[in-house]
Amino acid sequence: MIAVWDRVTYTYPGSNAPALEEIACAVHHGELLLLVGPSGGGKSTFLRTLNGLVPQFHGGILQGRIRVCGLDPVRTPTRTMATRVGMVFQEPEAQAIADTVEEEIAFGLELHAVPSAEILRRVATAVETLGIAHLRQRRLSTLSGGERQRVALAAVLALEPQVLALDEPTSQLDPEGAEHFVDAVLDLHRRLGLTVFIAEHRRDRIQPIASRVLLIDRGRMQAYAPRDAGRLPGAPAVPRLGLRLGLEPPPLTLEEARAAVVGRRIAVHPPAAAPAPGAELVRAEALSVTYGAVEALAGVSVSLAEGELVALLGKNGAGKTTLLRTIVGLTKPAAGAVRFRGQPAPPDVRERSAFAALLPQNPAYVLSRRTLAEEIRASLEARAMRAGDARAIAARWRLAELLDRHPYDLSVGQQQRAALAVMLAHEPPVWLLDEPTRGADHETKEWLAGILREHAARGGAALVATHDVEFAARWATRAIVLEAGRVTFDGPAREAFGAAGPYPTTVARVVPGALLPEEVVAA
Amino acid sequence: MTAAAWLAWAVMVMAVALTVTNPFYLAVVVLSVVLVAVLAPKDTAGSAGLRVMAFFGASVLLFAGLVAVINGSYGEHELFRVPSLRVPEWLGGLRLGGPVTAEQLVNAAIRGLAIFAIVLAFATVNATLTPQRLLRATPAALFHAALVATIGLSLLPATIEDFRRIREAQALRGAPTGFRQIPGLAVPIVLGGLERSLRLAEAMEARGFAPPPPAPAWARAAALLSAPLGLAGGLGWLYLGDLRWVGALLGALAVSLFFAWLIAASRRYGGARLRREPVSTGERAAIVLAALVAAAAIFGRAPGWLELGYSPFAELAWPPFRPLEACFALTVAWPVLFLALRPRPVGQPVAVAGAVEVGRP
C-alpha cells in the first residue's frame, strides 16, 4: 500500500461543513486513479491531503489517519513530503518561480540542497523523459500553456517522487496542449510505475487506463471500476454510448466502441432542426488585426442572425478572442468594419456592449462589489435600467439564494454564473462568450447549454469561443473555424461536428450521422 | 560579465560620481558610463527601461538647473534676475528667486551630471541582469530573502496585466469612467493579487520551500551586533575628529562580524545551485580594482595627490585638468574591456526566434 486513508474527515478553518467526510481508501503501488466529481466537491482537498498541504498549509481540523509512502503527511514536514509526492496545479502561471525552463526544474532541487552535478543530471533526465529537451534554455514566458504544464511536471519529477498528484492540470489548456500533457502523464505511469492521482474533466483518454475512478461529491468518496463509471454524471461519450446501446461489456476506448457496434442495427434520431435564422444582428466585414508582427485576424468576415448559436472553434492563437474583442470594440481593427443591424457599430465599447455583450475569460475580473445583489444593481445602473429587477435577474441565473454573498466567496461555477448575470443583466440581443466552460464541471455545462438555447428561442444570438466540442455539439446551430486568423470553415454545426467535419465528436466517429450519445438508440 | 562584477561596477560609479566634483573628470566618468551602457548586452525585457532611464537622467540634469535658478543666491557673478519671493520668517525665511549667479548654475550642472551618471549606471545594470540572475549570485544565507524579493518583482507585471483586464471588464459592463470606477478597479486587483500570491506560496510549499534552518547562535549574535556597531563606527568617523580611527575600527569590526554570519549561515543552508556563474580571474581583479578606486575616491583625496574636487563658489575659475585624475576617472570604463573582448554568443538560445506570445491579445 502506498497510500491509505482511514476514516478521514477534514474541515477548512472558518467553515462549519466538512470538506471531506469519512474518507476511507487504500491505494496500491503503481495505481492510476481518476478523480471525478463536481467542482467544489472535494477533489482538490483530497489531493492536498497526500502531501500535507491539507492541513499544514491550509489549517483546519483533520480527523482520522493518513499514511503516504510510509509517512504521516499530517505531521511530516511538507518539505519532506515534497520528495515523495509531486503535485501539479491548475494554472501554469501560478506555480512557476524561475525565468527559464532549466532553472524552474532545478528550483526544487536547489531547495533540497542537492549537489550541483546531481542537479544537472536530474534536470537532463527530467527534460528527456517529458520530451521537452528542446525547450531547456527557453524562457517560461515564451511557452504555450501546455508546454508550461509539462515543465511543471518535469519540475516535480526531478524530485523523484513516488506519487504524482495532479489537480485538473489541463483545465486551462487547449485540446492539443491537454492531449500532450495527458499523454506525458500516462507515459510516466507506464514507464516509471509512478502512482498517479489525477483530477480531470477530460476523462476519455484516462478512464480506459485508470485502475479505479474515485467520485468525490460533497466531501464523500465512492470508488468505481472504470467500466462501471460510464453511469456517473459527466462520463465520457464512449461509455455513455455503450450504455445507450446496451453494449456488454461497456466499451472504454474509441476502438472498443467501433468494434462493438459492427453489425448492430442502430437508429439515429437527430434533434429537430433549428428554425431558420431571422434578421441579421451582427456583421463583421473583412476584419484585419495585427499585434506587432503577428497577424491575428486576416480579413475575417462573419455574420450572426437572430436565433443563431455559433460555436467559434480553433487552436490557441487562431484569433478567436481577438475576433470577439474586435466585434465589441476593445481591439481596433487595422481594416474592416463591424455592423449592428445593418448600421455601423458605435465607436464606444460601452455603447457596443449594450447590444453585443462580451463575457471575458476570467470571471473574477468582472466582480468587484461587496455582495452579488450590489453587483447586479451596479450593472443595471450602468445601463440606466430599473434596479428593482435585480432579484428577477438573479433568479434567472440561478443565483437567488446567493444575493447576499460576497462574489469572491462563491465557487468557481457560481462565479461564472454571477459573471454571466452581471455582463448580461441588460438582456442584450447578442452574447459573445469567451471560453465560458474553462474548468467548468459537467453540470455547469449542461446548464449553460440550456440557457443558450433559451436565448436563441427568444430571438437572440450568441457567438461562443470554445475548445469543448462535446459541449458545443449540444447547442450550436452553426460553427466557424478559425485558423491563423482566417476563416477555414463556416457552416451548419451538424456538418462541423459530423464524421467528415473539421471537429467530429466522439460519437460521430463511432456512429456516423449522430453527434451525441442521446441521439442514438439500438434498433 | 557576471552579476557580481556588474554590481561592483555600479557601486564604484556611485562612489566616484558622488566624490568627483571637477567637471572635467566628471565628464570623463559620464562618458565612460554611457560607453558601457551602449556596449552592455541588454536583456530584451529591460532595454526599454534603459531609454526611459536615460531620459529620466537628462530630466534630473534640467531639474537641478531649474532648482538652482529658483533657490536662493550665492556667488558674485550675477547673470540675470528672476522675480524674487521671500518665504516668511516663521517658515525659515528662505529667499526664492532673485539674482541667478554663474556659480550656482555651474554647481547645479555638476550635481546633475553626477546623478545622471549614477542613474544611467544602475539602469544599465537593471537592463542587463534579470532579477533571477541576481538571485543566483546571492550568497546562500540571503537566498530565501532574495527569492521572496524576486518573486515579488515577478508578480508586478501580472498585476499590471490584471489592471488592464479589469478596466476592460468595467467598460464591457457599461460602467462610467472616472472616480466612481476606482473601487471597481482596486478590489479585484488587491484580491486577485492576494489570491495569486497564496496559490504561488502553496505551489512553492508543495515543492519543498520551507523556512531555512537557523544559523548557529554565535553567528546570529554576530549579525545582531554588527548593525549597532556599524552605526557607531559611521558616527565616530563623522564626528570624532581626531579619534576617527576608533570609528574606522568599529566599522571594520562590524563588517567582519557581518561576513562571519554570512559565511556561517551560508554553510548551514548548503546553498546548492543549478550552476553558479563562474567569476573569472580577470573579473576578480576588476572587482578588486573597483573597490580600490571607490575607496580611493572616498578616503584617498589629498592636496597635490588626488585632487578630484572643485567648487565654483570658492573661485569661479577654469577647473584644473591633470592626467593622473583623468586616468583615475577613466577607470570607471573598465567593463568595456570585458564587453569588447567577450566571445560572440554563438547559438545562444536566449532570444529564441518565433518566441512570440500568441493567443494573448
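These legends walk through several close-up views of a predicted model.

Residues are numbered from 1 along each chain as its sequence is written, while chains are lettered from A and ligands numbered from 1 in the order in which they are written. In this predicted model, local features need pLDDT of at least 70 and side-chain atom pairs count only at pLDDT 80 or more, whereas totals for chains, interfaces and linings use all residues.

**View 1. Chain B, with twelve helices and two strands.**
Following the sequence, the elements of chain B come in the pattern α-α-α-β-β-α-α-α-α-α-α-α-α-α. Here and below, helices (H or I, at least four residues) and strands (E, at least two) are DSSP runs, numbered from the N terminus. Chain B has 361 residues, and 30% of them are buried. A residue is called buried if 20 or more other C-beta atoms lie within 10 Å of its own, exposed if 12 or fewer, and partly exposed in between, with C-beta atoms placed from the backbone. Take the contacts in chain B between residues at least 6 apart in sequence: 75% of these join residues at least 24 apart. A contact here means that the C-beta atoms of two residues, placed from the backbone, lie within 7 Å.

**View 2. Helices α4 and α6 of chain A crossing.**
Helix α4 (residues 101-111) of chain A and helix α6 (residues 145-157) of chain A have axes that come within 7 Å and cross at roughly 35°. The axes are lines fitted to C-alpha atoms, for helices over the stretch in contact, and angles run from 0 to 180 degrees between N-to-C directions. On the α4(A) side, look for A:V101, A:E104, A:I105, A:F107 and A:G108, which meet A:V151, A:A154 and A:A155 of α6(A). By class, this contact has six nonpolar, one polar and one charged residues. Ala, Val, Leu, Ile, Met, Phe, Trp, Tyr, Cys and Pro count as nonpolar, Asp, Glu, Lys and Arg as charged, and the others, Gly among them, as polar.

**View 3. Where chain A touches chain B.**
Here 63 residues of chain A are in contact with 44 residues of chain B. Helix α4(A) gives the most to the chain A side, with eight residues. That side of chain A has 36 nonpolar, 18 polar and nine charged residues.

**View 4. An open sheet of four strands in chain A.**
The strand order is β12-β11-β14-β15, with antiparallel pairing; two strands pair if DSSP finds at least two bridges between them. Strands β12 and β15 (343-344) are the edges, each pairing on one side only. Nine bridges link β11 (residues 280-291) with β12 (residues 294-305), and five link β11(A) with β14 (residues 335-340). A:S288 stands opposite A:A298 in β12(A) and also opposite A:A335 in β14(A). Another pair to find is A:A284 with its bridge partner A:V338 in β14(A). β11(A) and β12(A) form a hairpin with two residues between them, and A:G292 in the turn has a positive phi of about 60°.

**View 5. Helix α10 (residues 320-328) of chain A, mostly covered.**
Nine of the nine residues in this helix are buried, among them A:K320, A:L323, A:R325 and A:V328. After α10(A) comes A:G329, with a positive phi near 95°.

**View 6. A:R203, in the loop between β7 (195-199) and β8 (212-217) of chain A.**
A:R203 counts as buried because it has 24 C-beta neighbours inside 10 Å. Leaving out residues up to four places away in sequence, A:R203 touches A:L34, A:V36 and A:P236. A:H180 is 23 residues from A:R203 in sequence, and their C-alpha atoms are 14 Å apart in space.

**View 7. A:A26, in strand β2 (residues 20-27) of chain A.**
With 13 other C-beta atoms within 10 Å, A:A26 is partly exposed. Its contacts, not counting residues up to four places away in sequence, are A:M1 and A:V4. A:V4 is 22 residues away from A:A26 along the chain, with 4.4 Å between the two C-alpha atoms.
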